[in-house]
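Let's take a walk through this structure, one piece at a time. Keep the 3D view open and click along as you read.

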Amino acid sequence: MKFINYLETITGVDVYAMASFFIFFFFFLVMTLWAWKADKKFIDRMNNLPLE
Amino acid sequence: MQLEKFYYDNRTVKWFAYATIFWGTIGMIAGLLAAVQIYLPQANFDLPATTFGRVRPVHTNAVIFAFVGNGIFMGVYYSLQRLCKARMYSDLLSKIHFWGWQLIIAAAAVTLLMGYTTSKEYAELEWPLDIAITLIWVVFGINMFGTILKRRESHLYVAIWFYLGTWVAVAMLHIVNSFEIPVSMWKSYSWYAGVQDALVQWWYGHNAVAFFLTTPYLGLMYYFLPKAANRPIYSYRLSIIHFWALIFIYIWAGPHHLLYTALPDWAQSLGTVFSIMLLAPSWGGMLNGLFTLRGAWDKVREDPILKFMVVAVTCYGMATFEGPMLSLKNVNAISHFTDWTIAHVHVGALGWNGFLTFGVLYWIIPKIFKTPLYSKKLATNHFWIGTLGIILYAVPMYWAGFEQSIMWKAFTEEGQLKFQFLETVTNLIPLYIARSVGGLLYLTGVFMMIFNIWKTVKAGELEAEEAAEAPALPKHIPAHGKEHWHRWIERRPVQLLVFSLVAVAIGGVLEIVPTFLVKSNVPTIASVKPYTPLELQGRDIYIREGCYLCHSQMVRPFRDEVARYGEYSKAGEFIYDHPFQWGSKRTGPDLARIGGKYPDSWHYNHMLEPTSMSPGSIMPNYPWLADNSLDTASTPAKIRAMIKLGVPYPEGYDKVANSDLMQQANKVKQNLKRDKIEAAANTEMVALIAYLQRVGTDIKAEKRSETANK
């Protein structure tokens with residue numbers, strides 16, 4: 001059973017698949033970049049929240 | 001800035017802590033009983049309620065939803081208030097949440113022991129309880145959200161994200177998996193059938209592990225580990241990536257429970273790919289936890305709480321390394337249906353959930369009772385006996401899994417199967433005994449903890465209303481440096497909730513939507529017909545007694561399985577199976593091709609006393625089946641429900657179904673009589689035999705249809 005069978009039975013289902021993968025990777029990329037570049041002071045403050 | 005005075009509610013935390021301990025003990029005792037029953041069938045006591053098939057769901061549900069569930073709520077109610085610098089939103093909702101959840105658990109234990117079950121693992125509860133769970137979950141959601149909305153701290157700490165993600169995902173999973181059509185007060189049929197039902201169930205089953213046993217406990221880890229170590233988490237940045245990666249990836253991985261089954265290939269591959277990807281965030285999270293203790297390992301040496309937490313996080317790492325490995329098809333071919341799975345889940349349950357819960361309990365109780373822990377030494381001993389228990393549990397089960405799988409697949413030089421199924425089981429009995437000793441040690445540790453906590457509670461006094469003060473949340477929050485969109489979302493819990501719902505829904509939708517179109521996706525087999533009324537009733541008895549917990553109905557396309565059981569299972573064979581009965585563990589042999597294999601009388605004797613037919617069998621006796629008369633009054637409602645679900649019975653068949661039922665029952669009775677067994681036609685035994693003789697025979701009918709049709 002090939003995946004293409006299912007794609008053919010649902011009109012436009014491939015759009016959903018591609019969209020979800022793109023959202024997934026885009027979001028992930030942005031997340032990682034953000035975490036990488038986030039302000040150090042802010043991160044420190046968040047980090048210490050439970051200890052306040 | 002003016003400080004506002006307010007009080008943290010510690011009373012609810014205390015109640016949830018007590019409930020965690022109480023249900024944990026019950027759940028573990030049920031587990032120990034089930035473990036003993038495996039090698040000592042007499043421990044089933046020949047009573048319906050104490051038989052393995054009913055005790056095992058009580059064990060799993062009690063440990064997951066009662067022990068870990070209350071543990072989650074204990075941790076959330078403690079940490080959320082502090083992280084938000086606000087009291088819980090509503091005392092009344094806290095009360096309803098607490099008592100509602102306990103009532104559901106009590107009702108669950110009673111109904112499961114009575115045999116009311118949907119047979120969907122970890123979702124066995126019948127529809128009235130499903131509705132009750134939904135309502136109480138909403139109460140919890142409102143209470144949690146209300147607290148977040150009236151918070152005094154502008155930013156949401158990462159633990160709260162885990163709580164929110166958990167709430168959203170569990171709500172979605174529970175609702176989707178619980179679509180069922182009620183037949184009576186305590187009986188329903190799954191909306192889905194066969195392959196589709198299996199996919200939804202394991203999408204749920206996998207994600208129940210992800211979003212009930214993992215993400216909320218990660219939230220607890222991110223709060224209580226820094227608390228106990230008195231130092232911030234190693235990397236807050238990593239924790240953010242950990243969160244988003246987990247909730248994105250987890251939801252896709254469900255199909256790895258169904259490798260080599262009749263599930264379409266693409267879905268199996270999807271599950272495998274995402275399972276492998278899970279390794280990265282899981283280990284990121286584990287290392288984040290362990291690195292928090294860098295340079296503080298001297299503290300671990302002295303502090304039993306940190307010891308518990310370190311082993312918990314390590315077990316999380318081990319279980320999440322093993323998970324992706326088990327989802328590789330070649331590993332899964334060995335591990336699936338064996339005790340390997342049991343070992344895997346217990347590393348998670350005993351190590352990760354159990355030990356983190358104990359750590360948090362030892363930390364919270366002295367805090368809210370304003371007194372030091374009664375005995376640090378006793379807690380340390382609890383740690384060691386518990387660790388020993390885990391090892392003694394897991395190692396024999398890994399061993400058993402490997403050994404049995406190898407025996408299943410062994411052929412003689414002549415090309416015959418080398419071992420009878422029963423030989424592969426009796427061979428494991430020493431390992432099963434060792435496992436129950438491991439469980440007993442672990443439980444002993446819990447009793448030590450109960451004593452320790454009881455003494456602590458007696459020495460202190462609950463600070464039910466803990467005073468605190470904090471400035472109100474300012475209208476405008478000063479930015480630290482440049483404003484980022486992520487900080488925007490951190491201050492907006494509603495949007496965070498919506499985004500996490502989108503994240504988890506994407507995976508779910510893509511996985512499930514194609515299989516909703518069952519007719520076009522599952523190649524139908526012309527000779528596969530709906531069950532007769534008697535078989536349908538028999539099937540419900542099969543479900544009631546929890547047969548699926550030890551017997552699979554899924555022959556995988558392997559040489560040894562085809563040689564042992566018969567032709568491998570096809571997706572089209574299960575289109576009328578509401579719910580599916582593929583099972584997940586073979587303590588007994590697969591039953592997918594049991595129909596017609598033995599005479600009716602064999603089944604009759606075997607049900608009464610399995611050892612009379614297979615000496616050495618560890619299956620419980622089911623003597624009540626021969627005495628209980630079949631509830632034929634329910635037949636019309638069952639047929640109507642099936643018709644509603646699209647099973648093609650002729651119109652108005654519900655009215656005549658019982659006469660067909662009696663006809664078939666009399667036939668079984670005649671068959672038994674021929675073998676000198678006097679049985680009444682209207683007994684549950686007869687219905688069960690009729691069902692078993694039907695299972696897996698439809699595709700055989702296809703081959704001889706030409707002669708049969710004459």
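In chain B, Pro533, Leu534 and Gln537 (B:Pro533, B:Leu534 and B:Gln537) of H19(B) meet B:Ala657, B:Asn658, B:Asp660, B:Leu661, B:Gln664 and B:Ala665 of H25(B). Before going further, bear in mind that what you're looking at is a predicted model. If you sort that meeting point by residue class, you get 5 nonpolar, 3 polar and 1 charged residues.

How do the two helices sit relative to each other? The axes of H19(B) and H25(B) are 7 Å apart, and the packing angle is about 80°. Since angles of 65 to 115 degrees count as roughly perpendicular, H19(B) is therefore roughly perpendicular to H25(B).

H25(B), which covers residues 653-674, has another partner: H24(B), residues 635-644, whose axis comes within 8 Å of the H25(B) axis and crosses at roughly 125°. That angle makes H24(B) and H25(B) oblique to each other. The crossing of H24(B) past H25(B) is right-handed. On the H24(B) side, the contact uses B:Thr635, B:Pro636, B:Ile639 and B:Arg640, while H25(B) brings B:Tyr653, B:Asp654, B:Lys655, B:Ala657, B:Asn658 and B:Leu661. By class, this contact has 5 nonpolar, 2 polar and 3 charged residues.

| H19(B) and H25(B) | about 80° | 7 Å | 5 nonpolar, 3 polar, 1 charged |

The buried residues of H21(B), a helix spanning residues 600-608, are B:Asp600, B:His603, B:Tyr604, B:His606 and B:Met607. These buried residues pack against H22 (610-613), H23 (624-627), H25 and H26 (684-694) of chain B.

Now for two single residues. Back in H19(B), which runs over residues 533-544, you'll find B:Ile543. Is B:Ile543 buried or exposed? A residue counts as buried when 20 or more other C-beta atoms lie within 10 Å; B:Ile543 has 22 of them, so B:Ile543 is buried. Setting aside neighbours within four places in sequence, B:Ile543 is in contact with B:Thr117 and B:Ser119. B:Thr117 is 426 residues away from B:Ile543 in sequence, yet their C-alpha atoms are 7.2 Å apart in space.

B:Gly616 sits in the loop between H22 and H23 of chain B. With 12 C-beta neighbours inside 10 Å, B:Gly616 counts as exposed, because the exposed class takes in residues with 12 or fewer. Leaving out residues up to four places away in sequence, B:Gly616 touches B:Leu422, B:Thr426 and B:Thr611. B:Met88 is 528 residues from B:Gly616 along the chain, and their C-alpha atoms are separated by 57 Å.

Chain B has strands to look at, too. E2(B), residues 180-184, and E3(B), residues 187-190, run antiparallel and are joined by 4 bridges. In one of these pairings, B:Ile181 has B:Tyr189 in E3(B) as its bridge partner. What do the two strands form? E2(B) and E3(B) make a hairpin, with 2 residues between them.

Finally, over to chain A. Chain A has 3 helices and 0 strands, in the pattern α-α-α along the sequence. Of its 52 residues, 12% count as buried.

Definitions and conventions. Residues are numbered from 1 along each chain as its sequence is written. Chains are lettered from A and ligands numbered from 1 in the order in which they are written. This is a predicted model: local features need pLDDT of at least 70, side-chain atom pairs count only at pLDDT 80 or more; totals for chains, interfaces and linings use all residues. Two strands pair if DSSP finds at least two bridges between them. Axes are lines fitted to C-alpha atoms, for helices over the stretch in contact, and angles run from 0 to 180 degrees between N-to-C directions. Angles under 35 degrees count as roughly parallel, over 145 as roughly antiparallel, 65 to 115 as roughly perpendicular and the rest as oblique. A crossing is left-handed if the near helix is turned anticlockwise from the far one by less than a right angle, and right-handed if clockwise. Two residues are in contact if their C-beta atoms, placed from the backbone, lie within 7 Å. Ala, Val, Leu, Ile, Met, Phe, Trp, Tyr, Cys and Pro count as nonpolar, Asp, Glu, Lys and Arg as charged, and the others, Gly among them, as polar.
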